[in-house]
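Subject: Structure handover

Hello,

Here is the structure I promised to pass on. Please open it beside this email and follow along.

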Amino acid sequence: MREVSASRFVRATPAAVERALTPRALVEYEGSFTVYEVEDTEEGWLVIAGSRGMELALAFEVRAEGLTYEQRGDGPLEALETTVTYEPEDEGTSVRMRSRVSAGLPLPSITDRVAAWKRRGELRRALSRLAADME
């Protein structure tokens with residue numbers, strides 16, 4: 001399993017960032033999947049998303065400093081766990097996204113590295129889109 005992270009300063013209050021980072025918006029900000037459904041469960045939100053005939057479920061949990069989510073069941077990866085945190089900084093908010101991924105394929109030293117490279121791009125894209133929405 002590989003870990004990747006990205007962070008960005010956003011010119012908005014932590015409360016505004018928290019309102020913007022809904023499970024649906026976060027998956028859409030990442031840009032790889034279309035959100036089909038969001039279900040509010042006792043444990044948190046379950047987001048069903050997909051692309052090109054592939055579907056996955058992401059289980060979200062809200063925490064005091066942000067939120068976490070992980071892939072549940074079958075999906076494009078063997079494992080995907082992401083934590084999003086935000087805290088006040090100067091006249092805005094510092095937002096950090098950290099993911100752990102595993103492709104679950106032969107030659108994990110290569111396949112997990114490729115999965116991590118793609119995931120880092122998704123995290124950076126999500127932060128850029130969030131920042132653009134907050135302007």
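Start with one pair of side chains. Glu-122 and Lys-118 are joined through their side chains by a polar contact of 2.9 Å. A polar contact is a pair of N or O atoms within 3.5 Å; within protein, one must be able to donate a hydrogen and the other to accept it, and residues adjacent in sequence count only if both atoms are side-chain atoms.

A word on the source. This is a predicted model, in which local features need pLDDT of at least 70 and side-chain atom pairs count only at pLDDT 80 or more, while totals for chains, interfaces and linings use all residues. Residues are numbered from 1 along each chain as its sequence is written, and side-chain values use heavy atoms, with hydrogens and water left out.

Back to Glu-122. This residue lies in helix α3. Is Glu-122 buried or exposed? Glu-122 is buried, because its relative accessible area is 7%. Buried means under 20% relative accessible area, exposed means over 50%, and partly exposed is in between (1.4 Å probe, protein chains only). Leaving aside neighbours within four places in sequence, Glu-122 is in contact with Glu-30 and Ser-32. Contact means heavy atoms within 4.5 Å.

Ala-126 also sits in helix α3. At 2% relative accessibility, Ala-126 counts as buried. Its contacts, leaving aside neighbours within four places in sequence, are Tyr-29, Glu-30 and Met-97. Ala-103 is 23 residues from Ala-126 along the chain, and their C-alpha atoms are separated by 21 Å.

Glu-30 is one of the buried residues of α2. How many of the eight residues of helix α2 are buried? Six of them are, so helix α2 (residues 23–30) is largely enclosed by the rest of the structure. The six are Pro-23, Ala-25, Leu-26, Val-27, Tyr-29 and Glu-30. Gly-31 follows α2, and its phi is positive, near 85 degrees.

Now the whole protein. It has three helices and seven strands. Helices (H or I, at least four residues) and strands (E, at least two) are DSSP runs, numbered from the N terminus. Along the sequence they follow the pattern β-α-α-β-β-β-β-β-β-α.

Next, the overall dimensions. Along its principal axes, the C-alpha trace spans about 45 × 30 × 25 Å.

Of the 135 residues, 43% are buried. Among contacts with a separation of 6 or more, 48% come from residues 24 or more positions apart. The accessible surface comes to about 7,800 Å², and carbon and sulfur atoms hold 47% of it. Accessible areas come from the Shrake-Rupley method with a 1.4 Å probe; for residues, only the protein chains shown count as cover.

Charges next. The protein has 18 positive and 24 negative side chains. The centres of the two sets lie 9 Å apart. Lys and Arg count as positive and Asp and Glu as negative; His and the chain ends are not counted. A charge is placed at NZ of Lys, CZ of Arg, CG of Asp or CD of Glu.

- Arg-52 is in the loop between β3 (45–51) and β4 (54–63). Arg-52 is not a glycine, yet its phi is positive, about 50 degrees. Arg-52 counts as exposed, at 81% relative accessibility.
- Leu-107 is in the loop between β7 (92–102) and α3 (108–134). Its phi is also positive, near 60 degrees. Leu-107 is exposed, with a relative accessible area of 58%.
- Asp-74 is in the loop between β5 (66–72) and β6 (79–89). Asp-74 is exposed, with a relative accessible area of 73%. Leaving aside neighbours within four places in sequence, Asp-74 is in contact with Glu-55 and Leu-56. Leu-56 is 18 residues from Asp-74 along the chain, and their C-alpha atoms are separated by 6.5 Å.

One last residue. Ser-102 lies in strand β7. Ser-102 counts as buried, at 7% relative accessibility. What does Ser-102 touch, not counting residues up to four places away in sequence? Ser-102 touches Met-1, Leu-77, Glu-78, Ala-79 and Asp-112.

Best wishes
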